[in-house]
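Biologist: Could you take me through the charged side-chain pairs here, and then zoom in on one helix end? I'd like one connected answer.

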Amino acid sequence: TLLGYGCTSEPSTLGLIYGDFDKDYGVVLVDTITVDVSTVLLDSLPTSATGTLLVGGYKDSNLGTLRAEGYAQVGPGDTWEPSSQSRFDSLVLMVKYSGYFYGDTTHEFTLDVRQITEEFKTYSLPQFWVDERQYSALYSPGSLYNLSTTRYDGISLGSKKIRPRPSSSDSLVIRLDDNLGREWLQLAQNKSENLTDQSKFLEYFKGVGLLS
């Protein structure tokens, strides 16, 4: 009995059994490939409408000191009709941890709340280049970007020294200025449109900035 076998390291012919082919197609081994890449500008990363605010900073050996500020609009919420006998107690900002963090969270820092003094200005980058290729996989119309800045009041509405607990289910509570709270109570008692109408409210109180 004679048993024989063989093998080869040469590329084999592809098994193309359908279609009209008059030539064999082989597999060719190459050590060079062409990669299509694109460049994303640092100021073209959309950061708005993510549901998360990043606040803080860290030092990078290559990039230096980096800081992040968070800006947010707030609304009047459900109809609030306090009686004329209501008395002011306190006004607080409650922020929930998202669970996300970057860097070392063991250091204590002060979180400061400021009142935004100008309307939010969003921008829309072109969605496509002139050749109809996608401008960026991160395309988002009407966005704020990572280098966007918004003016805020120089006087603090409230601050708190914290040590971040990103995995905590508790909320971060910061007491805000009593004068603002008393003003809102009076507006609510007078049924002012500044509190009952969303667009009027955003003209009256444009938002808050969170700084570290």
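Modeller: Let's settle exposure first: buried means under 20% relative accessible area, exposed over 50%, and partly exposed in between (1.4 Å probe, protein chains only). This is a predicted model, where local features need pLDDT of at least 70, side-chain atom pairs count only at pLDDT 80 or more, and totals for chains, interfaces and linings use all residues. Residues are numbered from 1 along each chain as its sequence is written, and side-chain values use heavy atoms, with hydrogens and water left out.

Now the pairs. The structure holds four salt bridges, each a side-chain nitrogen of Lys or Arg within 4 Å of a carboxyl oxygen of Asp or Glu. R175 pairs with D178, their closest N and O atoms 3.1 Å apart; R175 is partly exposed at 45%, and so is D178 at 24%. In another, R67 and E69 come to 3.6 Å, N to O, with R67 exposed at 52% and E69 partly exposed at 24%. R165 meets D170 at 3.9 Å, and D170 is partly exposed at 43%.

As for the helix end, α1 covers residues 178-189 and includes Q189 (helices are DSSP runs of H or I, at least four residues, numbered from the N terminus). Q189 is partly exposed at 25%. Leaving aside residues up to four places away in sequence, Q189 touches P82, S83, S84 and S86, contact meaning heavy atoms within 4.5 Å. A polar atom of the Q189 side chain lies 3.5 Å from the backbone oxygen of S86. W80 is 109 residues from Q189 in sequence, yet their C-alpha atoms are 8.6 Å apart.

Definitions and conventions:
Helices (H or I, at least four residues) and strands (E, at least two) are DSSP runs, numbered from the N terminus. A polar contact is a pair of N or O atoms within 3.5 Å; within protein, one must be able to donate a hydrogen and the other to accept it, and residues adjacent in sequence count only if both atoms are side-chain atoms.
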